Amino acid sequence: MTDADLTTDRLILRPWTPGEVTAVLDGARPAHWAQDFPAEGDQVIAGLFAEHPAWLGDYGHRQIIERDGGLVVGSIGLFWPPTDGTLELGYGVVPSRRGRGYAPEATRALAAFALTAPGVHTVHANVELSNPASVRVLEKAGFQRSHTDAEQNTARFVLSTTPPAEQ
């Protein structure tokens, strides 16, 4: 574990190492990865790290690791830097580990950590409404739906340290 690791009851959220990024990009299969890791989204993110080096910092992307056994079972990340005090969060857990509550557990932990970053008061995630499991992850993690884009069939969920504006 490093100082940057976040630990929950069942998970460790650890920043990606350069070697792990290279392994994803090269198609390598380290023994400490679940059989179905990396998923397509992990491969996309790993390919973007060169363009977005801040995503590898303390407030960036992390691997989701089971504390029991040490297997990497997904990834979660913040899209640094914030815009007007807001950070976007994204996550994914491999199919073999879904349904265990890992995604909401990791999302709660990383969102709480994100809200400690200087100047950050809101974390948001955009989700396709055709993905009800992802909607449930955000609801279980304490996020509130802020608006829906019917044309795009998406919704934005937010977690904020500032109260919502009076309506």
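1. Asp 84 sits in the loop between E4 and E5. This is a predicted model, and in it Asp 84 has a positive phi of about 50° although it is not a glycine. Most residues other than glycine have a negative phi. Asp 84 is exposed, because its relative accessible area is 69% and the cut-off for exposed is over 50%.

2. A positive phi is also found at Asn 153, about 60°, and Asn 153 is not a glycine. Asn 153 belongs to the loop between strand E7 (144–149) and strand E8 (154–160). Is Asn 153 buried, exposed or partly exposed? Its relative accessibility is 37%, so Asn 153 counts as partly exposed.

3. Two cis peptide bonds should be noted, one from Phe 37 to Pro 38 with omega near 5°, and one from Trp 80 to Pro 81, also with omega near 5°. Pro 38 is in the loop between H1 and H2, whereas Pro 81 is within strand E4. Most peptide bonds are trans.

4. Helix H1 covers residues 18–26, and Glu 20, Val 21, Ala 23 and Val 24 are buried there. Seen down the axis of H1, these buried residues fall within an arc of 160°, so they line one face of the helix. An α-helix has 3.6 residues a turn, so residues three or four places apart point the same way. On the other side of H1, Pro 18, Leu 25 and Asp 26 are exposed. Among the elements that cover the buried residues of H1 are strand E2 (11–15), helix H2 (40–48) and strand E3 (61–66). Just after H1 comes Gly 27, with a positive phi of about 75°.

5. Strand E3 is mostly covered, with six of its six residues buried. Which residues lie on each side of E3? His 61, Gln 63 and Ile 65 are on one side, Arg 62, Ile 64 and Glu 66 are on the other, and both faces are covered.

6. E3 pairs with E2 in the antiparallel sense over five bridges; Ile 65 of E3 is the bridge partner of Ile 12. E3 and E4 also run antiparallel and are joined by five bridges, with His 61 opposite Gly 77 of E4. E3 and E4 form a hairpin with five residues between them, and Gly 69 in the turn has a positive phi of about 105°.

7. The largest pocket holds about 990 Å³ of space. Its lining has 39 residues, and Tyr 91, Gly 92, Val 93, Asn 131 and Ser 134 lie nearest the centre. The lining divides into 17 nonpolar, 13 polar and nine charged residues. Elements that each supply at least two lining residues include H2, strand E4 (72–83), strand E5 (86–93) and helix H3 (102–114).

8. Val 93, one of the residues nearest the pocket centre, lies in strand E5. Val 93 is buried, because its relative accessible area is 10% and buried means under 20%. Leaving out residues up to four places away in sequence, Val 93 touches Ile 64, Val 73, Gly 74, Arg 98, Tyr 102 and Ala 103. The C-alpha atoms of Val 93 and Ala 106 are separated by 9.8 Å, and the two residues are 13 residues apart along the chain.

9. Thr 8 is in the loop between strand E1 (6–7) and E2. Thr 8 is buried, with a relative accessible area of 12%. Not counting residues up to four places away in sequence, Thr 8 touches Arg 67, Glu 105 and Ala 109.

Terms used
Residues numbered from 1 in each chain as written. Predicted model: local features only at pLDDT ≥ 70, side-chain atom pairs only at ≥ 80, totals over all residues. Heavy atoms only, no water. Buried < 20%, exposed > 50% of the residue type's maximum accessible area, 1.4 Å probe, protein only. Helix = DSSP H or I, 4+ residues; strand = E, 2+ residues; numbered from the N terminus. Arc of directions from axis to C-beta. Contact = heavy atoms within 4.5 Å. 1 Å grid on protein atoms, 1.4 Å probe; cavity = no way out; pocket = protein on both sides within 12 Å on 5 of 7 lines; lining within 4 Å. Points joined across faces, edges and corners; volume = space filled by probe spheres on them. Nonpolar A, V, L, I, M, F, W, Y, C, P; charged D, E, K, R; others polar. Pairing = 2+ DSSP bridges.
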